[in-house]
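Hi everyone, thanks for coming. Have a look at the structure on the screen, and then I'll walk you through a few parts of it.

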Amino acid sequence: MTDRNWKTRTTLVHEGSRRSQYGEMAEAIFLTQGFAYPSAEAAEARFVKAGEDEFIYARYGNPTTRMFEERIAALEGTEDAFATASGMAAVNGALVSMLRAGDHVVSARALFGSCLYILEEILTRFGVEVTFVDGANLDQWRAAVRPGVTKAVFFESMSNPTLELVDIRSVSDIAHAAGALVIVDNVFSTPVFSRAVELGADVVVYSTTKHIDGQGRALGGVICGTTAYIRKTVEPYMKHTGGSMSPFTAWIMLNGMVTLDLRCRAMADSALQVARALEGDARLSRVIFPGLASHPQAALAEAQMGSGGTMVAFEIRGGKEAAFRFMNALEIIKISNNLGDAKSIATHPATTTHQRLPDDQKVALGITPGLIRLSVGLEDAGDLIADLRRGLDAV
Ligand SMILES: *Cc1c(COP(=O)(O)O)cnc(C)c1O
């Protein structure tokens, strides 16, 4: 991590840059699997301990990937970071690298489908016990942790798709009192509005596929944490199991970070305008946006993020048929399932991202047939509101 005390925007433009002997302005893509050693002795020495600017094999690390890791660690406020091939490689790596049979994990129940798969299907297959709780209910977290046995707690700081927040500070306090590591999937909160580490989280994971790329081009992920955790626990697991980020992807993510702050703030401003325009519309039974006073956790959102974020969810009266008519009438907003993209995206969670869930779980998580998840992009907010009205008029 830098000790230069740069503000966020300076960090995002400059942190981690490494220049070759040519002094190139733009970060270079070191599109190479390996590195030639000047001598056999140098190869031996590097395998004993690689220096700060020495690399062995791209699965272990690469100069372009390292630039991205240093930039995101500086933004997140962690000592180090490890870049991964996808967000799921990051979630899997953060958990599996530190757990063994007999350990206990407490997790929020409202999770991205693949995160749920790792916790429910994979960890349990190897003898890790997992307890699921309602993430917003602190009493359930308190009751679930077992001092000395619970090794990690896991949650998404803002849940998908119903935008419910977990109180990072309170859950971290509960977890730390039991001796557990706090691992936060921070995708929906965005790296710009995240204060997870400041609030007590030990490890933050991102799917960089979302806001960090920001233009829907490449899959990627990253695990941020202390030097000891990243280099002694995560790196050995990741480098031997093959989930490292490619240098080309790292270059895309590095460039995404340059505009990350500007983009997230512009998208959050538009999300607030969109949420305000939708709230009170008679064709909707519910508008969910953590930046609206009507959100039950508006005060927590303000304290934890200082923003409502870039996602809006709303429920159209008339169920699936009405929701589909709405989506099919949209002209600017695309029907897809990514988020954090410059292009606004509408998703129908019940039939796509959360299709696999049994009906009773959908009900429990608030994933109703009329629910739409909207990722607000960089288009003009007025144009987006007009597009949403066009959709609602078709209902
Ligand atoms: C997208 C997403 C992931 C998975 O990331 P990939 O890059 O698609 O592997 C994990 N968690 C959350 C909250 C996500 O939105």
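Let's begin in helix H11 (residues 260-278), where Arg 265 and Asp 261 are four residues apart and so separated by about one helical turn. Helices here are DSSP runs of H or I with at least four residues, strands are runs of E with at least two, and both are numbered from the N terminus. Before going further: this is a predicted model, where local features need pLDDT of at least 70, side-chain atom pairs count only at pLDDT 80 or more, and totals for chains, interfaces and linings use all residues. Residues are numbered from 1 along each chain as its sequence is written, and side-chain values use heavy atoms, with hydrogens and water left out.

Back to our pair. The side chains of Arg 265 and Asp 261 form a salt bridge, at 3.2 Å from N to O. By salt bridge I mean a side-chain nitrogen of Lys or Arg within 4 Å of a carboxyl oxygen of Asp or Glu. Asp 261 is buried at 4% relative accessible area, while Arg 265 is partly exposed at 36%. Buried means under 20% relative accessible area, exposed means over 50%, and partly exposed is in between, using a 1.4 Å probe and protein chains only.

Which residue meets Asp 261 in a salt bridge of 2.8 Å? That partner is Arg 9.

Now the domains. The protein is divided into domain 1 (8-258) and domain 2 (261-394), with bounds that come from an automatic or database domain assignment. Their centres, taken over C-alpha atoms, are 27 Å apart. Across the boundary, 38 residues of domain 1 touch 39 residues of domain 2, where contact means heavy atoms within 4.5 Å. Together the two domains bury about 3,200 Å², with 61% of it on carbon and sulfur atoms; that is the accessible area (1.4 Å probe) the two parts lose on being put together, summed over both. Between domain 1 and domain 2 the count is one salt bridge.

Next, strand S2 (residues 104-108). Are its five residues buried or exposed? Five of the five are buried. His 104, Val 106 and Ala 108 point one way, with Val 105 and Ser 107 pointing the other way.

S2 pairs in the parallel sense with strand S3 (residues 129-133) over five bridges, and pairing requires that DSSP finds at least two bridges between the strands. S2 also pairs in the parallel sense with strand S4 (residues 150-156), over four bridges. Follow Val 105 here: its bridge partner in S3 is Val 130, and in S4 it is Ala 152.

Lys 151 is partly exposed at 31%, whereas Asp 103 is buried at 7%.

Glu 331 is in the loop between helix H13 (319-329) and S10, and Arg 390 is in helix H15 (residues 381-393), so the pair ties together parts 59 residues apart in sequence.
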